[in-house]
Amino acid sequence: MGLALVVAGLGVGLVAFAVTAAPPWNEGLHLVAAQLIREGKQPYVDFFYQHPPVYAYLLAAWMSLLGDSWRSAGAAAGLFTAGAVGMVAGDVGSRVPSSGWGRAVAAAAALLVGLHTLVTRFGTVAQAFGFCLFLLVVAYRLTVAAADHPGRRR
């Protein structure tokens, strides 16, 4: 229960920071790309977009649900970052022998990752940093799961 509260508290804090006080970067490019995709235009065909378009399409879908503002895009980034923090905490907690320290170590890992300066600074802006952090942790978890079960096909 305590670990869930720590992770949820960090998630709320990351999203709140993302929609109120996250430092502005060049988010406008991603927001305009998502708006153009929502209007039916295609990157590289109808407009120039120098990044891989997966995040722009994801952001366009997100913005069609919650409105096309930098706050909704920041909320998405905060949620992806919070998801990565939760997965890190779960992985660290599962690696500690069951001596009662698993939850405490997992909560400490969540706090160390979720309150890290680079995570809060970059993971909460409306760019692909939070999304990439989330996918990086997912890739790590899948790799570890495949290594733990070598006989299974992954």
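In this predicted model, the buried residues of helix H1 are Leu 10, Gly 11, Leu 14, Val 15, Ala 18 and Val 19. Because these residues cover an arc of only 155 degrees around the axis, they lie on the same side of H1. The structure also holds four aromatic pairs, and ring pairs link Tyr 55, Phe 80, Phe 131 and Phe 134 into a cluster.

**Helix H1**
- H1 comprises 19 residues (residues 2-20) and reaches 27 Å from its first C-alpha to its last, close to the 27 Å expected at 1.5 Å a residue.
- An α-helix has 3.6 residues a turn, so residues three or four places apart point the same way.
- The cover over the buried residues of H1 includes H4, helix H5 (102-114) and helix H6 (117-122).
- Leu 5, Val 12 and Thr 20 are exposed on the other side of H1.

**Aromatic pair Phe 80 and Phe 134**
- Among the four aromatic pairs, that of Phe 80 and Phe 134 is tilted, because the ring centres are 5.5 Å apart and the planes stand at 55 degrees.
- Phe 80 belongs to helix H4 (residues 70-95) and Phe 134 to helix H7 (residues 129-148), so the pair ties together parts that are 54 residues apart in sequence.
- Phe 80 counts as buried at 18% relative accessibility, whereas Phe 134, at 23%, counts as partly exposed.

**Aromatic pair Phe 122 and Phe 129**
- The rings of Phe 122 and Phe 129 form an edge-to-face pair, because their centres are 5.4 Å apart and their planes are at 75 degrees.
- Phe 122 is partly exposed, with a relative accessible area of 26%, and Phe 129 counts as partly exposed at 38% relative accessibility.

Terms used: Residues are numbered from 1 along each chain as its sequence is written. This is a predicted model: local features need pLDDT of at least 70, side-chain atom pairs count only at pLDDT 80 or more; totals for chains, interfaces and linings use all residues. Side-chain values use heavy atoms; hydrogens and water are left out. Rings of Phe, Tyr and Trp (its six-membered ring) pair if their centres lie within 6.5 Å; planes under 30 degrees apart count as stacked, over 60 as edge-to-face and the rest as tilted. Helices (H or I, at least four residues) and strands (E, at least two) are DSSP runs, numbered from the N terminus. Buried means under 20% relative accessible area, exposed over 50%, partly exposed in between (1.4 Å probe, protein chains only). The expected span of a helix is 1.5 Å times one less than its number of residues. The arc is that of the directions from the helix axis to the C-beta atoms. Contact means heavy atoms within 4.5 Å.
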